[in-house]
Amino acid sequence: MVPRFFTAMPIPTPFHTRTQALCTSMFWKDWAGYYAVRSFDTCHEREYYAVRHAVGLFDVSPLFKYDVRGEGAMALLSRVMTRDISKLRPGRVTYCCWCDDDGKVMDDGTVSNLGDDHYRVTAAEPTYGWLCRNARGLPVEITETTDDIGSLALQGPTSRALLSEIVADTKKPIEKLRFFRLLKATIAGHPVIISRTGYTGDLGYEVWVSREHALDVWDQIYAAGRRHGLVPAGLDALDVTRIEAGFIMNGVDYQSAHHCLIESRKCSPFELGLGWTVDLDRPGFNGQAALRRELANGSTWATVGLELDWDEYEAHFTEFGLPPHVSSSAWRTSIPLYAPRRGGRVNGRQIGYATSGAWSPLLKKNLAIATIEPKFQVPGTRIRIEVTVEHERRSVAATVRETPFFNPPRKRA
Amino acid sequence: MVAINPFNPAHPDYPGRPDKPSRSSYDAIVIGGGHNGLVAAAYLARAGRSVLVLEKRPVLGGAAVSEEVFPGFTFSVCSYVVSLFRPHIVRELELAKHGFELIPLECSFTPQPDGDALVRWADSARTRQEISRFSRKDAEIYPEFGLAMSKLSQFAKAIIDNPAPDPNAIRPREIAKLLRLGKIMQDFDGDTRHLNLKLMTSSAVDFLDQWFESEVLKSPMSVSGIIGTFLGVRSPGTAYVLLHHYMGEIDGAYRAWGFARGGTGGVSLACARSARSFGAEILTCAGVSQVNLGPDGRACGVVLENGDVINARTVVSAVDPRRTFFGLVGKQNLDDEFATQISRYKLRGSSGKVNLALDRFPDFTARPGDGPHVRGDIAIAPSIDYLERAYDQAKYGDFSERPYLNVVIPSLSDPSVAPPGKHVMSIFVQYAPYEIKEGPEFWPQRREAFGDAVIDTLSEYCPGLKDSILHRQVITPWDLEQEYGLGEGNIFHGELSVEQLLFLRPAAGWANYKTPVPGLWMCASGTHPGGGVMGAPGELAAKTLLRSGEL
């Protein structure tokens, strides 16, 4: 394939002319080499709320996408993925991760079975090389489609009603599309794939369309969206919603085994809380032996959700005569966690670190995602986390919580 | 398939039922299923007590209620914005899990009769730009004013998050509470302390005059001082309420105000679901006619309107003080001094509501389009004289021909309240005095004229309004009393004026949710810290009751 753009990075997504016109804040970031909107408005708040009350429209085209076709496609993906892809029936999507031979996670993403030995893999990082290396000897054709397919995420409670107005040529109505299923349809007369997936933990869909039809599809969604409270949304809003949903992020909450200079930075699916995506008892797959050993011997780390104690947090501010303050954006810096000592008021030894977090405007809670020693992973366990108040490093209590923090019934209904 | 509106009591998940109580005796009976009653019930049930909530109407929420008044349109019939709902209540009662979701108001839009308009945004740079069109000086003072008010609001926050201190008591807990407030006052610098005194005593206009010169800015700011009171913007004591606008939680100052998803009833239903999850029983269509007193004078249960008797160790009233003591307990069971205090307690409602179902969005002449400027509140308060003239008419027993209006269009932010492309408009109207000169019972005859005055007023700014109306619901103070149980139609269960706050609410010596009737407690807006959909009275009452050892 000939690359379309020879301009300096970052490069525009298929929807760029539309997002550019709406992005009055000019607040962009580089996402895997593409221009991505952080927030359309000067503050992402309205975009965040739209996802929880109406519908947010995200351009998620920079996700890496690979089409795997041919008789050997299922075998290849079963070999690469922690999930047994041979069980993934046409029209279904699964979330999983993939490991190196040592059972350390390289990336996480989704696999869709589009039918007729055609699968689509989404990834946070370039994965073409890894798929090709594992495909040796198998009759498959692997194509990178990242730049050819535009992806839009429609996330929020009115997403279903919106899509049902504009989707045509489906085998079954969009209202019948269940969680983690997909269907083929047309929007504005162009073929699209719609999957009931997303990164917000809400009712939502992702629409996959070829580049040449991308703008028509955007326009139709946007026009119909006016009646359903649609708000174009950027990555800052997405970041808060994904924390509420308890989703981990490659490069933030863990490091891909590809990039780690030292062994201790790598982690396994079990350590990431992705043990549920590992189908161990089946023919060989990457990392299987190592994962079996880890399951028998125990893991070094666990990934958990944390809720920071608000009263202690507020008390630190009161001491300075300040009202409590939290950032409206999600954060992603490493913050130390400690075992509690002396009735829980004092820090003991370090037992892990929080990797990202956010104030949840919906739950009125200060949330974090953390890597922690397994013996502290039981929900309800109280630990301590560092906070910086008025330039001083202090700590507050935090409680281990089950994720998702926010899990509305409509997500699966 | 037509989905049943979740606020319709016929919905299978509706948290209240018109049933018989499952038992004959409870630890606590809560009279009134408004948001404070439900919050109190949730806290009591969470502490393991058996709790029964009795609501007169078929729907829960009291004045914090959503109802499908016109097919497909969900109205926040009475209370239309949620301010200062305590975040710790959301956490402690797990309200988000039960459907509590707030959408912050983005801005405040004030169209002018001359076709201009002022919009105050959450974004300070944008607000400065807007105000400087009217006064460059005001534009720069505006953030200074915000800073000063934020300092003062720490004092106010300490007040609303704690039971009122009793200045006459020598109990260590009361003294500690007073000292805590004193400490905050003491930590203020001299200027702030002076400002605090001015705030407690001035009129809203006088207070704002010290800072600003532009009427376009001052008028909409001053009205926050009069909402729910029978006072004008130039009446002393109205400045204090301005502070409520600045008691921003961490979500940011302006964003302390918001819409509940599904309307204000969304808050009440979340509280009800939470209460039920802790084991509370909630009955609708169960009006209480009397609080039963035992031979020792202790409240020991209630008599329902249908004659049923239900016993309880404590009775917690979530209705206003006047109705609680005169309606349910009876004057004959109160001592004279207390009865006098309650009869002097000022209710005197001064506002009404007009709720509209709209076929389409009607443009405002000053700034057409359904952009972000109309997603906050829209204030019709063009000048201070306008507001004061509106008050003049009310003083002499009329509704204002050209009233102050506070308009919101929640369907722009929350599509769940109207069919796609259609809208719900909620108009708060002041002044509509309970005591019109014909007498309050004549309000039904004047209802439509009142509605017309409101629509005519708004049409001057929004000419397409009349043509877009599909349905109109007019709520007078009389309706607020008769249908929603708000005595004299007062939305706060009694004026939020300084002489009725803190340890004086509802009566001196009885500000701690306890009443002179043993076993009878109060938990709603007629107690400290007062009205608004904040849940604080319900929470503080329940916590105080649990701590008292009576239950």
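In which sense do strand β16 (residues 404-408) of chain B and strand β17 (residues 423-430) of chain B pair, and over how many bridges? I found that β16(B) and β17(B) pair in the antiparallel sense over 5 bridges, where strands are DSSP runs of E of at least two residues and helices runs of H or I of at least four, numbered from the N terminus, and where two strands pair if DSSP finds at least two bridges between them. Looking up one bridge, I noted that B:V408 has B:S426 in β17(B) as its partner.

The model is predicted, and I kept in mind that local features need pLDDT of at least 70 and side-chain atom pairs pLDDT 80 or more, while totals for chains, interfaces and linings use all residues. Residues are numbered from 1 along each chain as its sequence is written, and chains are lettered from A and ligands numbered from 1 in the order in which they are written.

**Sheet.** I traced an open sheet of 7 strands in chain B with mixed pairing, in the order β8-β7-β15-β16-β17-β14-β18. Its edge strands, each pairing on one side only, are β8 (117-121) and β18 (469-475) of chain B. Helix α13 (residues 443-459) of chain B lies across β14 (351-358), β15 (377-380), β16, β17 and β18 of chain B, and runs at about 125 degrees to β18(B); such angles run from 0 to 180 degrees between N-to-C directions, with axes fitted to C-alpha atoms, for helices over the stretch in contact.

**Helix pair.** I then looked up helix α1 (residues 35-46) and helix α9 (residues 265-277) of chain B, which pack at an angle of about 20 degrees with their axes 8 Å apart. α1(B) and α9(B) are therefore roughly parallel to each other, a term for angles under 35 degrees. Among the residues that meet are B:L38 and B:A42 in α1(B) and B:C271 and B:A275 in α9(B), contact being C-beta atoms, placed from the backbone, within 7 Å.

**Domains.** The domain assignment, automatic or from a database, gives chain B domain 1 (25-103 + 262-346 + 487-548), domain 2 (124-247) and domain 3 (350-471). I noted 27 Å between the centres of domain 2 and domain 3 of chain B, taken over C-alpha atoms, and 15 residues of domain 2 in contact with 13 residues of domain 3. Helix α8 (residues 215-222) of chain B supplies the largest share of the domain 2 side, 5 residues.

**Chains.** Finally, I recorded that 26 residues of chain A are in contact with 22 residues of chain B. Helix α2 (residues 45-53) of chain A gives the most to the chain A side, with 5 residues.

Terms used. Contact = placed C-beta atoms within 7 Å. Parallel < 35°, antiparallel > 145°, perpendicular 65-115°, else oblique.
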